[in-house]
Amino acid sequence: MRSILGAAVLAMSALFAGTASAHQVNEGTIKIEHPRAAPTPAGAKTGAAYMEIVNNGREPVEIKSFSAPIADKVEVHTMTMTGDIMRMRPVALPLTIAPGESLKLAKDRHVMLIGLKKPLVEEDMVSFKIEFTNGKSMEFDLYVEGESESH
């Protein structure tokens, strides 16, 4: 009986883990693929978020801003390594995504959550908003998850 219950719990865990890792948001011609944030240690004041923003429309879209209630400020940063030295620099907005193209916000260009009000805890959901220059916006949740080889 225990092995059946254990197998059921394991199957449910895999099902929900797969759902979180496949998390996407669609609104109009914009698709946000796998919006997620990395967990932070207690007391951390910055965190990182990742996603791919796809423009399936016929016109370019411009991102005016990013925001999250959990952070005082949200910026896009580039990250470069020179030897053992990591450098991060903010990216000026707006960011333009051409028709049929995507903007991948991963390790080398990612979202920084600055002035965190609490730690990002694995498996939590964090409210997030993208505003576009055309006045539209998208609100969705970032799933907080640890590193995996698929990112």
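This is a predicted model: local features need pLDDT of at least 70, side-chain atom pairs count only at pLDDT 80 or more; totals for chains, interfaces and linings use all residues.
Local features require pLDDT of at least 70 and side-chain atom pairs count only at pLDDT 80 or more, whereas totals for chains, interfaces and linings use all residues. Residues are numbered from 1 along each chain as its sequence is written, and side-chain values use heavy atoms, with hydrogens and water left out.

**Exercise 1. Fold and surface**

Determine the secondary-structure elements of the protein and their order, and describe its burial.

Solution. 
1. Helices (H or I, at least four residues) and strands (E, at least two) are DSSP runs, numbered from the N terminus. The protein has one helix and eleven strands.
2. Along the sequence, the order is α-β-β-β-β-β-β-β-β-β-β-β.
3. Buried denotes under 20% relative accessible area, exposed over 50%, and partly exposed in between (1.4 Å probe, protein chains only). By this criterion, 35% of the 151 residues are buried.

**Exercise 2. The aromatic cluster**

Identify the aromatic pairs, and state which strands they link.

Solution. 
1. Rings of Phe, Tyr and Trp (its six-membered ring) pair if their centres lie within 6.5 Å; planes under 30 degrees apart count as stacked, over 60 as edge-to-face and the rest as tilted. The whole structure contains two such pairs.
2. F66 and F128 are 6.0 Å apart, centre to centre, with 40° between the planes, and are therefore tilted. This pair links distant parts of the chain, with F66 in strand β4 (residues 61-67) and F128 in strand β10 (residues 125-132), 62 residues apart.
3. F66 is buried at a relative accessible area of 5%, and F128 is buried at 2%.
4. F128 and F140 form a tilted pair, 5.6 Å centre to centre and 50° between the planes. Here F128 in strand β10 is linked to F140 in strand β11 (residues 137-144), twelve residues apart.
5. F140 counts as buried at 7% relative accessibility. F66, F128 and F140 form one aromatic cluster.
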